[in-house]
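Here is my note for anyone opening this one for the first time. Have a look at the picture, then read the points in order.

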Amino acid sequence: MICAVYKSGRRADTYLFVKKRDVFDEVPESLMEMFGTPTLVMIVPLSKRTHLGIADINKVKSALAEQGFYLQIPPPQVNLLEQHKQELALKTLALKK
């Protein structure tokens with residue numbers, strides 16, 4: 001199985017995998033509007049790969065087979081300030097006990 005990978009023209013670190021180069025027929029129109037102008041990044045022979053960056057290759061293959069595309073979005077960013085505040089609050093509670 002070969003697929004084409006495109007990066008989003010509107011959203012950083014967002015990629016769209018489709019079955020064939022420049023064929024977006026199976027991608028919902030609303031998703032294409034959100035995605036913006038797709039820019040080809042690479043053609044990937046999935047049958048020869050065991051992993052893909054941050055995407056789960058089995059999920060990519062399954063999505064391509066079932067819906068004709070796979071959308072890779074970046075993982076949510078961790079708010080380090082909030083995380084630090086929560087850790088401080090837990091430490092403060094532990095000290096009070």
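1. Setting aside residues up to four places away in sequence, Gln-72 touches Asp-13, Thr-14, Tyr-15, Phe-17, Ile-54 and Ala-55. You'll find Gln-72 in strand 4, and with a relative accessibility of 12% it counts as buried. Keep in mind throughout that this is a predicted model.

2. Thr-14 sits in the loop between strand 1 and strand 2. Is Thr-14 buried or exposed? Its relative accessibility is 3%, so Thr-14 counts as buried, the cut-off being under 20%. Not counting residues up to four places away in sequence, Thr-14 is in touch with Tyr-6, Lys-7, Ser-8, Phe-35, Leu-71, Gln-72, Ile-73 and Pro-74.

3. Now step back to the whole chain. What does the secondary structure come to? There are 3 helices and 4 strands, and reading from the N terminus the order is β-β-α-β-α-β-α. The radius of gyration is 19 Å, whereas the globule rule gives 13 Å for 97 residues; the chain's value is well over that, so the chain is more spread out than a compact globule. The C-alpha trace spans about 60 × 30 × 20 Å along its principal axes.

4. A few totals go with that picture. Of the 97 residues, 28% count as buried. The accessible surface comes to about 7200 Å², and 55% of it belongs to carbon and sulfur atoms. If you take the contacts with a separation of 6 or more, 57% of them are between residues 24 or more positions apart.

5. On to the inside. Nonpolar side chains tend to be buried together in soluble globular proteins. Which residues make up the largest nonpolar core here? It has 12 residues: Cys-3, Val-5, Phe-17, Val-44, Leu-46, Leu-52, Ala-55, Ile-57, Val-60, Ala-63, Leu-64 and Tyr-70. Strand 1 (2-7) and helix 2 (57-67) each supply at least two residues of this core, and helix 2 gives the most, with 4 residues. There is also a second, separate core of 10 residues, with Val-18, Phe-24, Met-32 and Phe-69 among them.

6. Leaving out its neighbours within four places in sequence, Val-44 is in contact with Met-1, Ile-2, Cys-3, Val-5, Arg-49 and Leu-52.

7. Next, the rings. The count of aromatic pairs comes to 2. One to find on screen is Phe-17 with Tyr-70: the ring centres are 5.5 Å apart and the planes stand at 75°, so the pair is edge-to-face, since planes over 60 degrees apart are classed that way.

8. Last, the charges. Side chains of opposite charge can pair when their charged atoms come close. Searching the whole structure gives 3 salt bridges. The side chains of Lys-19 and Glu-26 meet in one of them, at 3.6 Å from N to O. Lys-19 is partly exposed at 37% relative accessibility, and Glu-26 is partly exposed too, at 44%.

9. Arg-21 bridges to Asp-22, with the closest N and O atoms 3.9 Å apart; that still counts, because the limit is within 4 Å. Both Arg-21 and Asp-22 are exposed.

10. The salt bridge between Lys-85 and Glu-82 has its closest N and O atoms 3.8 Å apart. Where are these two residues? They lie in helix 3 (residues 80-96), and because they are 3 residues apart there, about one helical turn separates them. Lys-85 is partly exposed, with a relative accessible area of 45%, and Glu-82 is partly exposed with 38%.

Technical notes. Residues are numbered from 1 along each chain as its sequence is written. This is a predicted model: local features need pLDDT of at least 70, side-chain atom pairs count only at pLDDT 80 or more; totals for chains, interfaces and linings use all residues. Side-chain values use heavy atoms; hydrogens and water are left out. Rings of Phe, Tyr and Trp (its six-membered ring) pair if their centres lie within 6.5 Å; planes under 30 degrees apart count as stacked, over 60 as edge-to-face and the rest as tilted. Buried means under 20% relative accessible area, exposed over 50%, partly exposed in between (1.4 Å probe, protein chains only). A nonpolar core is a set of buried Ala, Val, Leu, Ile, Met, Phe, Trp, Tyr and Cys residues joined through side-chain atoms within 4.5 Å. Contact means heavy atoms within 4.5 Å. The radius of gyration is taken over C-alpha atoms; the globule rule is 2.2 Å times the number of residues to the power 0.38. Accessible areas come from the Shrake-Rupley method with a 1.4 Å probe; for residues, only the protein chains shown count as cover.
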